[in-house]
Amino acid sequence: MKKITLIIAGIISAISIDAQVADTVSIGSENEVYYSLENDEVQTVSRENWDIAFNVAFYGSSILARGASGVELYLYENGDTSGWSSFDTTGLSTWEPRHNSIETWSEGAFNRSSSSYSGWGNYNFMTHFVTADSLYLIKTSDGDFKKLWIDKLASGVYYFKYADLDGSNEVSETITKSDFPNKNFAYYSIDSEMEIDREPENDSWDLLFTKYTGMVNYGGVQMPYGVTGVISNAGVEVNKVSGVHKLEADTSDGSFSSHITTIGWDWKSWSGGAYTTSDSLTHFVKSKEGDVWKVNFTGYEGGSEGSFHFSKAKVLSVGTMDDIDVLDVSTFPNPATDFLNIVLHQTDNEDLNVTVFNMSGSLVYSEAFAGISGINNIQLSVGEYPKGLYLVNVESQKASVQTKFIVK
């Protein structure tokens with residue numbers, strides 16, 4: 001007997017597959033869009049109205065610098081926090097610029113270099129405070145250079161200050177985590193001297209369409225460069241399936257990753273004066289709610305448009321153990337043309353028999369499988385099936401379940 005492929009762990013129930021929906025998200029040249037796979041666009045905000053952002057999660061201490069659009073951050077190489085009054089930029093051309101991680105939100109530009117992790121301060125296991133050990137140089141949205149001291153994070157409050165390089169125009173500020181409930185980050189504009197609440201609640205969105213600093217290959221060397229693409233929210237996982245036509249792709253190809261730029265920017269390429277996308281690239285996205293969506297990018301327009309064109313379809317929906325039947329079954333894509341994925345979920349390790357009948361009652365497919373507890377996937381070639389409606393019957397020792405699909 002064939003072994004059915006386990007495609008995802010956890011307590012997930014199969015559903016009637018949603019029809020594929022086409023959508024477009026436009027960020028223009030200066031905006032970014034927070035997006036929910038279930039509810040579409042959540043919020044459009046200016047991408048360029050902030051300089052630094054503070055993680056406001058309970059245990060979070062990540063600090064971001066706005067990437068890919070004018071803001072530059074450098075670790076002060078000429079001393080530690082004792083050098084605040086004597087701050088100078090001698091040797092600036094050799095200082096290493098800092099960039100946000102492309103793998104996780106928990107490592108902002110202040111927490112890391114391009115080659116290694118190094119936090120902006122020292123954590124005290126007794127007080128749970130973080131106290132600075134470094135100074136920074138930042139070039140703001142307006143192009144001004146400022147010296148910057150993230151002093152400490154204590155009892156949920158960030159303390160920091162900044163000034164002109166000669167020490168004039170010094171400003172001391174605080175960011176209080178509790179002022180930003182259910183958010184990932186609190187934002188701050190140095191030029192405007194104000195904190196900004198610009199982010200939707202963290203459980204309301206899955207993807208961020210934006211411009212950010214990514215790593216691009218130049219002559220075999222990975223270099224930071226401003227790119228336009230898609231970043232996942234914390235808690236969202238993505239399975240990037242390449243080399244398989246989008247009609248044939250299923251979640252058993254590859255594995256889910258929590259890296260926030262798994263979708264990223266390189267699903268598009270520049271050719272012949274326009275952007276193109278591949279028919280052999282699919283992203284399966286496990287949303288904040290735990291549902292699994294099949295996402296295919298179909299086009300991109302850059303410049304002042306900044307338009308992302310894609311299709312999406314929900315292929316699995318989360319349930320609890322109480323919601324799961326002994327055996328559930330669904331299919332995608334439906335209608336099918338060349339390949340059909342039969343998604344099975346059973347609560348026990350039971351052998352399964354899968355049969356397919358046409359509407360005349362004639363048997364067109366039958367095979368026994370060694371099923372396993374959880375989600376399983378079978379892929380059938382239906383390209384030679386006559387167009388029409390078909391019935392799938394799946395039987396185990398404990399249950400028998402049917403569902404229908406169409407070949408077009």
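**Figure 1. Strand β30 and its partner β27.** In this predicted model, strand β30 covers residues 374-381 and is mostly tucked away, with six of its eight residues buried. Its pairing partner is strand β27 (residues 339-346), and the two run antiparallel over eight bridges. To find your way around, pick out asparagine 341, whose bridge partner in β30 is glutamine 379. In a regular strand, side chains alternate between the two faces of the sheet.

**Figure 2. Glutamate 248 and the residues it touches.** Stay with asparagine 341 and glutamine 379 for a moment: leaving aside neighbours within four places in sequence, glutamate 248 is in contact with Phe339, Asn341 and Gln379. Glutamate 248 itself is found in the loop between β20 (237-242) and β21 (268-271). Is this glutamate 248 buried, exposed or partly exposed? At 27% relative accessibility, glutamate 248 counts as partly exposed. For another landmark, look for threonine 282, which is 34 residues from glutamate 248 in sequence and 9.7 Å from it in space, C-alpha to C-alpha.

Figure 3. The bond from phenylalanine 332 to proline 333 is cis, with omega near -10 degrees. A cis bond also joins asparagine 334 and proline 335, and here omega is about 15 degrees. Where do you find proline 333? Proline 333 sits in the loop between β26 (327-332) and β27, and proline 335 lies in the loop between β26 and β27 as well.

**Figure 4. Tyrosine 34 meets tryptophan 205.** A pair of aromatic rings is described by the distance of the centres and the angle of the planes. By the ring-pairing rule, the model comes to 28 aromatic pairs. Take tyrosine 34 and tryptophan 205: their ring centres are 4.8 Å apart and their planes are at 75 degrees, so the pair is edge-to-face. Tyrosine 34 belongs to strand β5 (residues 31-36), while tryptophan 205 is in the loop between β17 (194-196) and β18 (207-218), so the pair ties together parts that are 171 residues apart in sequence. Both tyrosine 34 and tryptophan 205 are buried.

Figure 5. Are phenylalanine 58 and tyrosine 59 buried or exposed? Phenylalanine 58 is exposed, and so is tyrosine 59. Elsewhere, ring pairs link up into a cluster made of Tyr35, Phe209, Trp267, Trp270, Tyr275, Phe297, Tyr300, Phe308 and Phe310.

**Figure 6. Lysines over ring faces.** Which lysine lies over the face of tryptophan 84? That's lysine 147, at 4.5 Å from the ring centre.

**Figure 7. Loop residues with positive phi.** Most residues other than glycine have a negative phi, so the residues in this view are worth a look. Serine 155 has a phi near 55 degrees and sits in the loop between β13 (145-154) and β14 (157-164). Its relative accessibility is 66%, so serine 155 counts as exposed. Asparagine 182 also has a positive phi, about 65 degrees, and its place is in the loop between β15 (171-176) and β16 (185-189). Asparagine 182 is at 45% relative accessibility, so it counts as partly exposed.

**Figure 8. The nonpolar cores.** The largest nonpolar core has 36 residues. Phe54, Phe110, Trp120, Leu148, Phe160 and Tyr188 have the most contacts inside it. A second, separate core has 21 residues, including Val354, Val356, Tyr365 and Tyr385.

**Figure 9. The chain as a whole, and where to be careful.** Stepping back, the protein chain has zero helices and 32 strands. Of its 408 residues, 48% count as buried. The average pLDDT is 87, and 91% of the residues score at least 70. Over residues 1-17, though, the pLDDT is below 50, and this stretch has 70 contacts in the model beyond near neighbours in sequence. Residues 319-324 also stay under 50, with ten contacts beyond four places in sequence.

Key:
Residues numbered from 1 in each chain as written. Predicted model: local features only at pLDDT ≥ 70, side-chain atom pairs only at ≥ 80, totals over all residues. Heavy atoms only, no water. Phe/Tyr/Trp six-rings, centres within 6.5 Å; stacked < 30°, edge-to-face > 60°. Helix = DSSP H or I, 4+ residues; strand = E, 2+ residues; numbered from the N terminus. Buried < 20%, exposed > 50% of the residue type's maximum accessible area, 1.4 Å probe, protein only. Lys NZ or Arg CZ within 6 Å of the ring centre and 35° of its normal. Pairing = 2+ DSSP bridges. Core = buried A, V, L, I, M, F, W, Y, C linked by side-chain atoms within 4.5 Å. pLDDT = per-residue confidence, 0-100. Contact = heavy atoms within 4.5 Å.
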